[in-house]
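Colleague: Can you walk me through this one? I have the sequence and the model open, and I would like to go piece by piece.

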Amino acid sequence: MTTRTVVSGTANDRWLAADRARMWEDAEVVGVERRAAAALLRLRLVEVPDLLPGQYYLVRLAVDAPPGVVEQAYSLCSSPYPRSTEVEIAVREVPGGRVSPLLARQVEVGDLLQVRGPFGFLTWTEHDGGPLGLVGAGTGVAPLVSIVRYASARRLAVPMTLLCSSRDRMTALLVDELEALARVLPWFKLVHTYTRNAHDPSARYRRRIDADMLAEVFETQEHTPRPTLYYVAGPGDMVIATRSMLGSLGVVDDVIYSEDHA
Ligand SMILES: Cc1cc2nc3c(=O)[nH]c(=O)nc-3n(C[C@H](O)[C@H](O)[C@H](O)COP(=O)(O)OP(=O)(O)OC[C@H]3O[C@@H](n4cnc5c(N)ncnc54)[C@H](O)[C@@H]3O)c2cc1C
């Protein structure tokens, strides 16, 4: 028997697959904002979840192609504080993908999505300490945004520097929100590197992340405390390379937390 937890009277169950083991909960899409970099989906869960900043949910859709159902991971970019039934994910369309084009283009307010979570260990709270060195590429920026938003919402003032690698400003995830936070939070620094735009003055760097960049951003800034913890998220090759480069700068592996997004 299929379970259905319809959250509102207008909800649309077209994406729901059979869930005989009752492992999934239904979340209602209550907000959709389609941007060039990603679609921001606001989901309303049935109950207030126990979340840590940086965690992700699995999203499962019924699809036309065999086996008829497919699931993918999406990081929460919202702050888990104050506690709420609503969470936000940022979905970047992968051309030819099974799930992301549907989430990015076709899902609408009122649709129900099956979700499961939270999962993930790329998490931070005030009990973990700091300062933090955050390195994100592509959608790997999303869990780091959740951490910065959480610290802001709790007024924690733990120094954090986010090095954000994107192709260009158009594809930089949540760029306006991050820049707004950097303007008002004296403890938060945002550094962009754009790999495909050699002219944009809003980026400090215009190349892929390398060891010199990591050293300049995190290790040799005179007035910024050196991070005691690093959080790295993005494509697998970027994560491996960044861990290795941080190692070459003398950062021990134990203080580097990372998550692959592909
Ligand atoms: C822990 C975790 C957190 C994640 N968080 C986010 C997030 O916040 N936002 C987000 O948009 N995505 C996120 N992802 C990626 C997401 O789970 C999917 O992999 C992505 O949306 C593609 O799914 P798809 O079904 O559209 O593509 P698929 O049907 O799985 O893949 C289609 C084709 O694209 C290739 N491909 C798959 N993923 C990527 C990629 N990311 N970039 C380039 N090519 C790819 C595949 O090799 C395949 O050839 C996360 C992944 C993980 C593991």
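Colleague: Which residue of S2 is the bridge partner of Glu-33?

Modeller: Leu-40 is the partner of Glu-33. Keep in mind that this is a predicted model. The two strands involved are S1, residues 25-34, and S2, residues 39-44, and six bridges join them.

Colleague: Do S1 and S2 run parallel or antiparallel?

Modeller: S1 and S2 run antiparallel. A hairpin through four residues connects S1 to S2.

Colleague: What holds strands together in general?

Modeller: Strands of a sheet pair through backbone hydrogen bonds, in a parallel or an antiparallel way.

Colleague: Back to S2. Which residues are on its covered face, and which on its uncovered one?

Modeller: Ala-39, Leu-41 and Leu-43 make up the covered face of S2. Leu-40, Arg-42 and Arg-44 make up the uncovered face.

Colleague: How many bridges does S2 have with S5?

Modeller: Six, and S2 and S5 pair in the antiparallel sense. Leu-41 has Ile-89 as its bridge partner in S5.

Colleague: New topic, the open sheet. What is the strand order?

Modeller: The order is S9-S8-S7-S10-S11, five strands with parallel pairing. S9 (188-194) and S11 (256-260) are the edge strands, each pairing on one side only. On average, neighbouring strands of this sheet are turned by 10° against each other, ignoring direction.

Colleague: Which helices pack on it?

Modeller: H2, residues 141-153, packs on the sheet and touches S7, S8, S9, S10 and S11. The direction of H2 makes about 155° with that of S8. H3, residues 175-184, also packs on the sheet, touching S8 and S9, and its direction makes about 140° with that of S9.

Colleague: How many bridges does S8 have with S9?

Modeller: Seven bridges join S8 (residues 160-166) to S9.

Colleague: What are the partners of Leu-132?

Modeller: In S8, the bridge partner of Leu-132 is Met-160, and in S10 Leu-132 stands opposite Leu-229. S7 pairs in the parallel sense with S8 over six bridges and with S10 over five bridges. S7, H2 and S8 together make a right-handed β-α-β unit.

Colleague: Now the loops. Where are the cis peptide bonds?

Modeller: One joins Tyr-81 and Pro-82, with omega about -5°. Pro-82 lies in the loop between S4 and S5. Another joins Gly-130 and Pro-131, with omega about 0°. Pro-131 is in the loop between S6 and S7.

Colleague: Which residues other than glycine have a positive phi?

Modeller: Arg-155 has a phi of about 55°, and Leu-174 has one near 50°. Arg-155 lies in the loop between H2 and S8, and Leu-174 in the loop between S8 and H3.

Colleague: Is Arg-155 buried or exposed? And Leu-174, buried or exposed?

Modeller: Arg-155 counts as exposed because it has 7 C-beta neighbours inside 10 Å. Leu-174 is buried, because 23 other C-beta atoms lie within 10 Å. The cut-off for buried is 20 or more.

Methods. Residues are numbered from 1 along each chain as its sequence is written. This is a predicted model: local features need pLDDT of at least 70, side-chain atom pairs count only at pLDDT 80 or more; totals for chains, interfaces and linings use all residues. Two strands pair if DSSP finds at least two bridges between them. Axes are lines fitted to C-alpha atoms, for helices over the stretch in contact, and angles run from 0 to 180 degrees between N-to-C directions. Two residues are in contact if their C-beta atoms, placed from the backbone, lie within 7 Å. A residue is buried if 20 or more other C-beta atoms lie within 10 Å of its own, exposed if 12 or fewer, and partly exposed in between; C-beta atoms are placed from the backbone. A crossover is right-handed if, with the strands pointing away from the viewer, the path from the first strand over the helix to the second runs clockwise.
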